[in-house]
Amino acid sequence: MRTIGAPTVTEAATASGLIARLYIWVSARDRISGATQTLGLWTGDDVVTETIEGEARAYYGAGSLLGVEPITYEAGLSVRMQRVTVSSISPEVEQLVRGYDTRLAPLQIHRGLINATSNALVEEPHRLLSGTVDGITFATPAAGGNATCELTVANSSRDLTRGLTAKYSDETMRVMAPDDDFFRYADISGEVTVRWGG
Amino acid sequence: MAQNYPAQLLEFFDALQVTTATLELPVTQQVSRTAGGEVITAELGASLWRGSVTLANRPFTQANAVLARLRLMARPGASFLMRPLGLAVPVSDPAGSVSGSSVTIDNLLAGGRELSLAGLPSGFVLTAGDCLSFSYGSTPVRYGFHQIVEPAVADGTGTTPVFEVVPPLHPGAAVGAQVALINPVLKAVIDPGSVREGREIRNKREGISFGWIQTLR
């Protein structure tokens with residue numbers, strides 16, 4: 001369950017309007033160096049640096065992030081897919097999608113509440129979703145059309161569906177316990193004929 | 001030589017002969033009408049200036065020269081500096097004598113709704129409706145263009161109290177930036193699909209118009 005901070009509670013109780021902004025943070029892999037490259041997009045204007053989850057993150061705006069479908073929450077462990085629509089011709093998105101390898105890249109969505117009177121963040125944006133990029137639809141529109149790129153994000157429950165990488169073998173057993181030779185003959189068991197008696 | 005973007009004032013906007021122009025600051029908001037009859041609004045996105053410009057009827061030769069520049073500016077990736085024509089000078093300084101080089105941003109309040117200026121002549125009056133612009137950031141350089149909402153008077157040292165502007169300052173605006181009160185400029189792109197190239201009548205071309213939107217990129 002999400003814990004809502006005192007400033008947000010106070011803010012929600014007042015009659016002033018509230019501005020909600022979405023922040024998206026992707027940690028993709030650099031195609032050349034293999035290092036992790038991060039990129040933030042938000043629904044506000046231009047570039048802002050916000051401290052989120054203990055680090056200062058730069059979020060680029062000005063139309064890069066067009067929209068996020070309503071996020072469905074449910075109890076249980078089912079894997080949900082979330083679609084995020086971004087502008088496909090903004091330089092930041094081009095960099096993310098074409099410059100970095102986004103396969104299974106971790107992605108976080110935060111929501112920040114902004115006081116309509118002071119135009120400042122009420123408190124640190126809270127996280128709505130954490131998952132990995134599952135697919136990208138990068139479509140070229142008809143002439144004069146709206147350029148959009150759609151990211152499909154799988155939530156973090158999908159990590160639970162990963163298969164076990166351990167094999168039924170001596171090597172796997174010895175990785176866990178070097179002296180354990182219980183599986184020493186596992187790979188040839190059943191193929192070697194054992195004679196009883198003579 | 002190929003044009004560099006944004007095109008400077010002299011390269012494009014000041015070469016136009018404008019007859020009518022509009023300037024708007026639309027608000028991106030969501031609206032909810034309650035059963036109680038009230039209207040509740042909340043902001044959805046940033047506000048950028050936009051407007052339209054109609055050019056004077058000119059003989060072919062002049063109109064074609066302008067049209068060539070306009071067609072260049074309508075191409076993807078092009079941007080230009082422009083200045084809203086009715087807002088070129090502060091009300092208190094119609095001759096435009098205040099030096100543009102000495103005025104700087106003195107203080108910025110969090111949230112960007114209010115700021116104060118330094119470096120003005122002592123007692124200089126800023127009137128509601130005056131506009132100011134400044135540039136900040138890099139790759140690309142951003143141009144902030146804001147209209148003063150409440151009047152402010154510079155004190156003996158040339159510093160004003162904080163005053164509010166619309167739209168709120170965009171993220172990235174910094175203290176110390178040089179402010180233009182005379183001929184404030186903004187960076188704009190042509191609204192795609194809004195260019196009307198006019199029609200030829202006798203020896204003139206009439207009805208050239210285009211719409212523009214401010215851009216921060």
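**Reading a predicted two-chain model**

Student: How many strands does chain A have?
Tutor: Read along the sequence, chain A follows the pattern α-β-β-β-β-β-β-α-β-β-β-β-α. Its secondary structure comes to three helices, and the number of strands is 10.

Student: What is the radius of gyration of chain A?
Tutor: The C-alpha atoms of chain A fill a box of roughly 95 × 50 × 30 Å, taken along the principal axes. A compact globule of 198 residues would have a radius of gyration near 16 Å, whereas the value for chain A is 24 Å.

Student: What percentage of the residues of chain A count as buried?
Tutor: Chain A exposes about 12,100 Å², and carbon and sulfur atoms supply 53% of that area. Among the contacts in chain A with a separation of 6 or more, residues 24 or more positions apart account for 56%. Of the 198 residues of chain A, the share that counts as buried is 35%.

Student: How far apart in space are A:Ser90 and A:Tyr185, C-alpha to C-alpha?
Tutor: A:Ser90 has its place in the loop between β6 and α2 of chain A, where α2 covers residues 91-99. A:Ser90 is buried, with a relative accessible area of 6%. A:Ser90 and A:Tyr185 are 95 residues apart in sequence, and the distance between their C-alpha atoms is 59 Å.

Student: What is the value of phi of A:Glu53?
Tutor: A:Glu53 is found in the loop between β3 (47-52) and β4 (55-60) of chain A. With a relative accessible area of 37%, A:Glu53 is partly exposed. Its phi is positive in a residue other than glycine, with a value near 55°.

Student: Which strands are the edge strands of the open sheet of six strands in chain B?
Tutor: The strand order in this sheet is β7-β8-β13-β11-β10-β14, with antiparallel pairing. Within chain B, β8 (residues 114-118) and β13 (residues 163-166) pair in the antiparallel sense over two bridges, and the bridge partner of B:Glu114 in β13(B) is B:Glu164. An edge strand pairs on one side only, and in chain B this holds for β7 (104-108) and β14 (179-180).

Student: Which residue takes a positive phi in the hairpin of β2(B) and β3(B)?
Tutor: Strands β2 (residues 29-33) and β3 (residues 39-43) of chain B pair in the antiparallel sense over five bridges, and B:Gln30 stands opposite B:Ala42 in β3(B). The hairpin has five residues between the strands, and the residue with a positive phi near 90° is B:Gly37.

Student: Why does the pair of B:Phe12 and B:Phe210 tie together parts of chain B, and how many residues apart in sequence are they?
Tutor: The structure holds 10 aromatic pairs over all chains. In one of them, the rings of B:Phe12 and B:Phe210 have their centres 6.0 Å apart and their planes at 45°, so the pair is tilted. Both B:Phe12 and B:Phe210 are buried. B:Phe12 lies in the segment before β1 of chain B and B:Phe210 in strand β17 (residues 204-214), so the parts tied together by the pair have a sequence separation of 198 residues.

Student: What is the omega of the cis peptide bond that joins B:Val166 and B:Pro167?
Tutor: The peptide bond from B:Tyr5 to B:Pro6 is cis, with omega near 0°, and B:Pro6 is found in the segment before β1 of chain B. B:Pro167 has its place in the loop between β13 and β14 of chain B. A cis peptide bond joins B:Val166 and B:Pro167, and its omega is about -20°.

Conventions
Residues are numbered from 1 along each chain as its sequence is written. Chains are lettered from A and ligands numbered from 1 in the order in which they are written. This is a predicted model: local features need pLDDT of at least 70, side-chain atom pairs count only at pLDDT 80 or more; totals for chains, interfaces and linings use all residues. Side-chain values use heavy atoms; hydrogens and water are left out. Two strands pair if DSSP finds at least two bridges between them. Helices (H or I, at least four residues) and strands (E, at least two) are DSSP runs, numbered from the N terminus. The radius of gyration is taken over C-alpha atoms; the globule rule is 2.2 Å times the number of residues to the power 0.38. Buried means under 20% relative accessible area, exposed over 50%, partly exposed in between (1.4 Å probe, protein chains only). Contact means heavy atoms within 4.5 Å. Accessible areas come from the Shrake-Rupley method with a 1.4 Å probe; for residues, only the protein chains shown count as cover. Rings of Phe, Tyr and Trp (its six-membered ring) pair if their centres lie within 6.5 Å; planes under 30 degrees apart count as stacked, over 60 as edge-to-face and the rest as tilted.
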